[in-house]
Amino acid sequence: MIVALAIVLLAVGGAGYLVRLLQGPTLADRIVALDGLLTILVTAVIAWGAYTDRGTYLTVGVVVALVAFLGTSAFARFVEGGR
Amino acid sequence: MNEIVGGVLILGGAAFAAIAGMGQVRFGDLFTRMHVATKPSTLGLLLVAVGAMFRISGPGAVSLLALTIGMQFLTAPVSAHLVGRAAHRHGDWDRAAAVHDDLSDVDEL
């Protein structure tokens, strides 16, 4: 019950990031919003695992955290006009 | 008992994540939004993962959660630093609104 409330709160936070991702004026705003949205996703996967009392999906959290880091750093190089 | 402690921790972490999402909408500048995106989200992830350690039973759950926490705490500052540096160099921020800019003579646009 208390974890279901937590998942609703996570949805609220994700909606805020989604608004910023859609309307952010610059590309850097969108990158920050996407990174935060993926952090919320990892948090939600863990909360879902606690809600169902199954550890099956916890691997997804590790993988998404890694891929989010790779994507954010690649986008940052892109914004910088990277070599 | 474990269920209650874990539930309270998960609820607190989710509240931090919700505050981070609301700050994304309310804050008006790129660097303040980066500040509110990096710190409360990471703290929320830490609290939710520690709370989930109390609730998820099964082999490997605690070590996977610890791995997620370590990954996030290692990568979040690095990616925030990269995005901040790139945005500053590219000029994707309100230069006129800054009170002080230590990098103004370093970064050539």
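Helices (H or I, at least four residues) and strands (E, at least two) are DSSP runs, numbered from the N terminus. Val63(A) is placed in helix α3 of chain A, and Val8(B) lies in helix α1 (residues 2-26) of chain B.

This is a predicted model, in which local features need pLDDT of at least 70, side-chain atom pairs count only at pLDDT 80 or more, and totals for chains, interfaces and linings use all residues. Residues are numbered from 1 along each chain as its sequence is written, while chains are lettered from A and ligands numbered from 1 in the order in which they are written.

Two residues are in contact if their C-beta atoms, placed from the backbone, lie within 7 Å. The contact takes 45 residues from chain A and 47 residues from chain B. On the side of chain A that touches chain B, the elements giving two or more residues are α1 (2-23), α2 (27-52) and α3 (58-79) of chain A. Of these, α2(A) provides the largest share, 16 residues. By class, that side of chain A has 27 nonpolar (Ala, Val, Leu, Ile, Met, Phe, Trp, Tyr, Cys and Pro), five charged (Asp, Glu, Lys and Arg) and 13 polar residues (the others, Gly among them).

A residue is buried if 20 or more other C-beta atoms lie within 10 Å of its own, exposed if 12 or fewer, and partly exposed in between, with C-beta atoms placed from the backbone. Val8(B) counts as partly exposed because it has 15 C-beta neighbours inside 10 Å. Val63(A) is partly exposed, with 13 other C-beta atoms within 10 Å.

The table gives C-alpha separations for two pairs.

| Pair | Apart along the chain | C-alpha to C-alpha |
|---|---|---|
| Val8(B) and Gly51(B) | 43 residues | 7.5 Å |
| Val63(A) and Val42(A) | 21 residues | 9.1 Å |
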